[in-house]
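Please examine the sequence and the model shown below. The paragraphs that follow lead from the chain as a whole to its helices, its charged pairs, its aromatic rings and its surface.

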Amino acid sequence: MRKFKIPEIGSFRLGLGLVLLFIFVVLGVILPWFAPTNPLTWYKSPRNQGASLHHLLGTTNLGQDIFWLLTWALQNSLVLGLSVAFFSTLIGVFAGLAAGYAGGWVDRVLSFLMDALLCIPSLPILILLAALFGGQLSLPVVGMALVLFNWPYPGRQVRAVALTMREREFVNVAWFSGESSLRILGRHVFPYIAGWSAANFINTVLVGIATETSLAVIGLSSAQQATIGTMIYWALKYQALLSQRYLWVGAPVLSIVLMFIALFLVSSGLAIRSAARRIG
C-alpha cells in the first residue's frame with residue numbers, strides 16, 4: 001500500500017480546496033451578472049415555490065429567488081472577506097517586518113500597538129458600533145473594524161520571524177555589501193514568510209466572513225445588503241424551518257460550511273507545502 005508523503009498531502013488539500021473555491025468564484029462573481037432581476041426586490045417571483053427549472057432552489061416567503069439571492073450573498077461575503085484579508089495581511093506583514101528588522105523604538109511602538117489590539121475582543125466592539133450606528137452596521141464599517149483588529153495577528157508572527165532572520169549570516173553579508181534595508185527585507189527575508197502569509201491570508205478571509213455572518217444572524221449587520229448572514233437572518237425571521245422552507249435556510253448554511261472547508265484546505269495545503277519546502 002502506497003504511503004503518501006507530506007508534500008503530496010499538501011498538494012491534494014490545496015488542489016481540492018482550489019476546485020471548491022473555483023466553484024464559489026463562479027457562483028459569487030460571475031453568475032450575479034446574469035441574474036434576470038434584482039433578487040433583493042421583494043415579490044418579484046411567486047412566494048414559497050419549491051425547487052423547479054424556473055427557480056432552482058425555490059423562492060422565499062418574500063417572493064425572492066433563492067438561487068439568485070444566494071449568488072449575490074456569496075459575492076458580498078467574498079468581497080468582504082477578501083478585502084479584510086488583503087488589508088490585514090498587508091498591514092501586518094509590513095508592520096511585523098519593520099518591527100522585527102528595525103528594532104529599537106520602532107519595535108517598541110509597533111509591538112505595543114499589536115499587544116493592545118490583541119487584548120481587545122473585537123465582537124463586543126462591533127456590537128457597540130452597531131448600537132452607535134442605529135443597530136445595523138454597513139459592510140464597509142464592518143470591514144474597517146475587522147482590519148483594525150486583525151492586522152496584529154500576522155504582525156506579531158512576522159515580527160518573530162524577522163527578529164531571527166536579521167541575525168542570519170546571509171542577511172549580515174547583504175547588509176555589509178551595501179544593500180538597502182528594503183532590498184534585504186524584500187529579497188532575503190520576505191521569501192521565508194511568503195507561504196505562511198498566503199496561508200494567513202486565507203485564514204483571515206474565514207475570520208471576516210464568519211464575523212459578518214455572526215453579526216447578521218443576530219441582527220446587527222445591515223439587513224438590506226445580501227450576504228450569507230443576512231440570508232440566514234431573514235430565513236429565521238420568517239420561520240423558514242417551522243414552515244419547512246428548508247432550502248431557504250439550508251442553502252446559505254451549506255454554502256458557508258463548504259466555503260470554510262475549501263478555505264481550510266487551501267490554507268493547510270499552503271502551510272504544508274511551505275513547511276516542506278523550508279525543510280527540503
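A residue is called buried when its relative accessible area is under 20%, exposed when it is over 50%, and partly exposed in between, with a 1.4 Å probe and protein chains only. By this rule, 44% of the 280 residues of the protein chain count as buried. The model is a predicted one, in which local features need pLDDT of at least 70 and side-chain atom pairs count only at pLDDT 80 or more, while totals for chains, interfaces and linings use all residues. Residues are numbered from 1 along each chain as its sequence is written, and side-chain values use heavy atoms, with hydrogens and water left out.

The overall architecture comes next. Helices (H or I, at least four residues) and strands (E, at least two) are DSSP runs, numbered from the N terminus. The protein chain holds 10 helices and 0 strands. Contact here means heavy atoms within 4.5 Å. Among the contacts between residues at least 6 apart in sequence, 71% join residues at least 24 apart. Accessible areas come from the Shrake-Rupley method with a 1.4 Å probe, and for residues only the protein chains shown count as cover. The accessible surface of the protein chain amounts to about 14,900 Å², and 70% of this belongs to carbon and sulfur atoms.

In an unreviewed entry, UniProt lists residues 12-35, 78-102, 109-131, 189-209, 215-236 and 248-272 under "transmembrane region". Two of these spans can be set side by side in the model. Residues 248-272 are 100% helix and 0% strand, with end C-alpha atoms 37 Å apart. Residues 215-236 are 55% helix and 0% strand, and their end C-alpha atoms lie 14 Å apart.

How is helix α9 placed relative to the rest of the structure? Because 7 of its 10 residues are buried, α9 is largely enclosed by the rest of the structure. The buried residues of α9 are Ile228, Gly229, Thr230, Met231, Ile232, Trp234 and Ala235. After α9 comes Gln239, which has a positive phi, near 55 degrees.

Side chains of opposite charge can pair when their charged atoms come close. A salt bridge is a side-chain nitrogen of Lys or Arg within 4 Å of a carboxyl oxygen of Asp or Glu. The whole structure contains 2 salt bridges. In one of them, the side chains of Asp107 and Arg159 meet at 2.6 Å, N to O. This pair links distant parts of the chain, with Asp107 in helix α3 (residues 104-119) and Arg159 in helix α6 (residues 152-165), 52 residues apart. Both Asp107 and Arg159 are buried. Asp115 forms a salt bridge with Arg156, and their closest N and O atoms are 3.4 Å apart. Here too distant parts of the chain are linked, Asp115 lying in helix α3 and Arg156 in helix α6, 41 residues apart. Asp115 is partly exposed at 34% relative accessible area, and Arg156 is partly exposed at 28%.

Aromatic rings form a further set of pairs. Rings of Phe, Tyr and Trp (its six-membered ring) pair if their centres lie within 6.5 Å; planes under 30 degrees apart count as stacked, over 60 as edge-to-face and the rest as tilted. The count comes to 7 aromatic pairs. Phe86 and Phe87 form an edge-to-face pair, 5.1 Å centre to centre with 80 degrees between the planes. Phe86 is partly exposed, at 42% relative accessible area, and Phe87 is partly exposed, also at 42%. Tyr238 and Trp248 form a stacked pair, 6.4 Å centre to centre with 25 degrees between the planes. This pair links distant parts of the chain: Tyr238 is in the loop between α9 (228-237) and α10 (246-279), and Trp248 is in helix α10, 10 residues apart. Tyr238 is partly exposed at 28%, whereas Trp248 is buried at 2%. Ring pairs also join Trp42, Tyr43, Tyr233, Trp234, Tyr238 and Trp248 into a cluster.

The surface and helix α4 remain. Patches are made of residues with over 30% relative accessible area and no salt bridge, with like charges joined within 9 Å and nonpolar side chains (Val, Leu, Ile, Met, Phe, Trp, Tyr) within 5 Å. Leu123, Ile127, Val217, Ile218, Leu236, Leu241 and Tyr246 form a nonpolar surface patch, with about 610 Å² of accessible area together. Leu123 belongs to helix α4 (residues 122-132) and is partly exposed, at 40% relative accessible area.

Notes. UniProt positions renumbered as here; feature names shortened; annotations may be inferred.
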